[in-house]
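User: I am new to reading protein models. Can we go through this one together?

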Amino acid sequence: MRKLLLVPTVTAVLAAAASCAPEPVEEASPIRIVASDLELMMGIIVPNAAVVWDSVGTIVDETGQNDFQPETDEEWEEVADRALGLAESANLLLIPERSQGRQVGIATAVMMRDRAIRASETALLRDAAAFLDSVGLLYESCVACHEEDLVEGTGF
Ligand code: HEC
């Protein structure tokens with residue numbers, strides 16, 4: 001009985017040893033750019049941003065100034081998830097083949113990622129004031145990249 005139990009252990013040790021073998025030199029990245037910058041914006045970033053932007057703010061109408069924010073757990077969780085979606089999208093902007101070493105693009109995408117993480121965290125804390133603040137900062141990171149040279153149509 002004891003002997004039988006030893007067999008898998010030996011196999012496991014061998015497997016572990018095999019996985020320590022030196023990696024083959026410089027494997028090509030499996031990442032492949034699929035969407036253009038504009039398609040990435042319209043397909044992933046804008047739909048997530050729209051939910052975040054529309055979730056918090058102030059409406060001024062004939063009844064006066066009305067602040068709104070996510071109310072239910074589901075609403076807070078949804079915006080937290082959407083903000084995380086934006087954080088991961090910023091990583092897509094940072095793929096070297098896409099960012100092409102352009103410093104402003106890299107800096108503003110890092111800014112977008114970190115501010116989106118902050119927005120997600122404040123949403124999970126249900127801290128409406130901090131969330132509103134972080135959403136404003138997140139929006140600024142979008143503008144910071146766009147203002148660089150979108151007009152020229154040369155990407156970031
Ligand atoms: C690192 C740079 C960068 C960041 C950060 C960025 N964008 Fe973009 N954005 C681009 C580029 C590049 C384009 C497309 C340029 C083109 O090909 O027309 C674009 C295009 C857009 C467009 C379409 C504009 C148009 O006139 O057609 C929208 C909308 C947009 N982005 C929204 C956002 C939002 C919302 C955020 C932030 C959550 C964001 N972007 C963050 C680089 C960026």
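User: What is the geometry at the site of the iron atom of the ligand?

Analyst: This is a predicted model, where local features need pLDDT of at least 70, side-chain atom pairs count only at pLDDT 80 or more, and totals for chains, interfaces and linings use all residues. Residues are numbered from 1 along each chain as its sequence is written, and side-chain values use heavy atoms, with hydrogens and water left out. The iron atom has six donor atoms, with angles of 86 to 177° among them. Six donors count as octahedral if opposite donors are over 155 degrees apart and all others between 65 and 115, and the site is octahedral.

User: Which residues coordinate the iron atom of the ligand?

Analyst: Donors are N, O and S atoms within 2.8 Å of the metal (3.2 Å for Na, K and Ca); water is not among the atoms, so sites may look incomplete. The coordinating atoms here, SD and NE2, lie at 2.0 to 2.3 Å and belong to Met41 and His146. Helices (H or I, at least four residues) and strands (E, at least two) are DSSP runs, numbered from the N terminus.

User: Is Met41 buried or exposed?

Analyst: Buried means under 20% relative accessible area, exposed over 50%, and partly exposed in between (1.4 Å probe, protein chains only). Met41 has 19% relative accessibility, so Met41 counts as buried.

User: How far apart are N and O in the salt bridge of Arg98 and Asp37?

Analyst: A salt bridge is a side-chain nitrogen of Lys or Arg within 4 Å of a carboxyl oxygen of Asp or Glu. The side chains of Arg98 and Asp37 meet this way, with N to O at 3.3 Å. The two residues sit 61 residues apart, Arg98 in helix H4 (residues 96-99) and Asp37 in helix H2. Arg98 is buried at 7% relative accessibility, Asp37 is partly exposed at 26%, and the N to O value is 3.3 Å.

User: Which parts does the salt bridge of Arg115 and Glu140 tie together?

Analyst: The side chains of Arg115 and Glu140 meet at 3.8 Å, N to O. They are 25 residues apart in sequence, so the pair ties together helix H5 (residues 103-124), which holds Arg115, and helix H6, which holds Glu140.

User: How many salt bridges does the structure hold?

Analyst: Some share partners: Asp73, Glu77 and Arg126 are joined into one network. The structure's count is six.

Methods:
Four donors count as tetrahedral if all angles lie between 85 and 135 degrees; four count as square planar and six as octahedral if opposite donors are over 155 degrees apart and all others between 65 and 115; anything else is irregular.
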